[in-house]
Amino acid sequence: MTVGTALVTGASRGIGRQVALALASEGWRVLSGVRDPESAPSGTQAEVVDMADPVSIAALARRLRVRNERLDALVNNAGVYDGPARRIWDVNVLGPLRLTRALAPLLARNARVVMVTSSLGQLSAQPASLVKRLSNPQLSLTELERLAEEAPGGYGASKAALNAMARLFAKEFKPRGILVNAISPGWVRTDMGGPGAPRSVEQGAASVLWGVRLPPGGPTGGVFEDGKAID
Ligand SMILES: NC(=O)c1ccc[n+]([C@@H]2O[C@H](COP(=O)([O-])OP(=O)(O)OC[C@H]3O[C@@H](n4cnc5c(N)ncnc54)[C@H](OP(=O)(O)O)[C@@H]3O)[C@@H](O)[C@H]2O)c1
């Protein structure tokens, strides 16, 4: 018997791969969002998606809709640290926004959505102009999308925007019992984190998995690491 169906983006390597493998080993049916279908971890199903490409995201959503998929968990994990700001905001912010929006009708009642964030996204560490826009009580997903089109900053700023996105989707999905949180894995030894990082991939994945395993009525709209609020 499957526990549920989960879609994990960036499942080819690093934290996403570990999250996908852990869920599959617990009996979840795991859809691995990957750019190269050969890179999906064994025991999971490859779903090709390029998170920087709106056409690719729409195509994935259409395929899942046609198959009548219902998602019990969505882990927006794919991310980039380096490169042009435009690319960082496309993958780290617009990708999760477009994918979560496109998959909203497929999310099961009481589903869990995790946005994989970073402690570098802490609001207090961002420039005042960005803090003002992200903490505006009138902020909407449309406004956040507009902000992301400007790509105002680098990695940390993109994760601050992702945290705000988790809060906005949490509000939108609350009537359906869907819990949406931004979760930091800590500094982890992956291609992104480098070999000198203090945490193993398993530790990073455990922090993220906490958001998938939340009990009904658990926290929503927050930013967490290892189950503790961090922002
Ligand atoms: N490692 C850390 O210390 C750390 C700390 C805080 C937060 N995080 C966050 O944790 C998440 C995973 O990081 P990681 O350390 O596991 O990174 P990683 O080892 O560099 O892996 C990145 C993953 O994202 C995927 N990806 C990148 N661009 C993509 C695109 N355009 N479309 C689809 N997938 C794409 C990669 O797929 P390909 O194999 O196809 O490139 C890969 O699966 C990221 O959101 C990152 O910001 C990491």
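Trainee: What is the mean pLDDT of the protein chain?

Mentor: The mean pLDDT (the predictor's confidence in each residue, from 0 to 100) is 98, and 100% of the residues reach 70 or more. This is a predicted model, in which local features need pLDDT of at least 70 and side-chain atom pairs count only at pLDDT 80 or more, while totals for chains, interfaces and linings use all residues. Residues are numbered from 1 along each chain as its sequence is written.

Trainee: And where is confidence lowest?

Mentor: Confidence is lowest in helix α4 (residues 128-134), with a mean of 97, and highest in strand β1 (residues 5-9), at 99.

Trainee: How many helices and strands are there?

Mentor: The protein chain has 7 helices and 8 strands. Helices (H or I, at least four residues) and strands (E, at least two) are DSSP runs, numbered from the N terminus.

Trainee: Turning to strand β6, are its residues buried or exposed?

Mentor: In β6 (residues 179-184), 6 of 6 residues are buried. Buried means 20 or more other C-beta atoms within 10 Å of the residue's own, exposed means 12 or fewer, and partly exposed lies in between, with C-beta atoms placed from the backbone. Leu179, Asn181 and Ile183 point one way from β6, and Val180, Ala182 and Ser184 point the other way.

Trainee: Which strands pair with β6?

Mentor: Strand β5 (residues 107-116) pairs with β6 in the parallel sense over 5 bridges, and valine 114 stands opposite asparagine 181. Strand β7 (residues 223-225) also runs parallel to β6, joined by 3 bridges; there, phenylalanine 224 is the bridge partner of isoleucine 183. Pairing requires that DSSP find at least two bridges between the strands.

Trainee: Why does lysine 228 count as exposed?

Mentor: Lysine 228 counts as exposed because it has 10 C-beta neighbours inside 10 Å. Lysine 228 belongs to strand β8 (residues 228-229), and its C-alpha is 9.5 Å from that of isoleucine 183, 45 residues away in sequence.

Trainee: A change of topic: what surrounds the ligand?

Mentor: The ligand is surrounded by 30 residues, the closest being Gly10, Gly14, Gly79, Thr190 and Gly193.

How values were computed: Near = placed C-beta within 6 Å.
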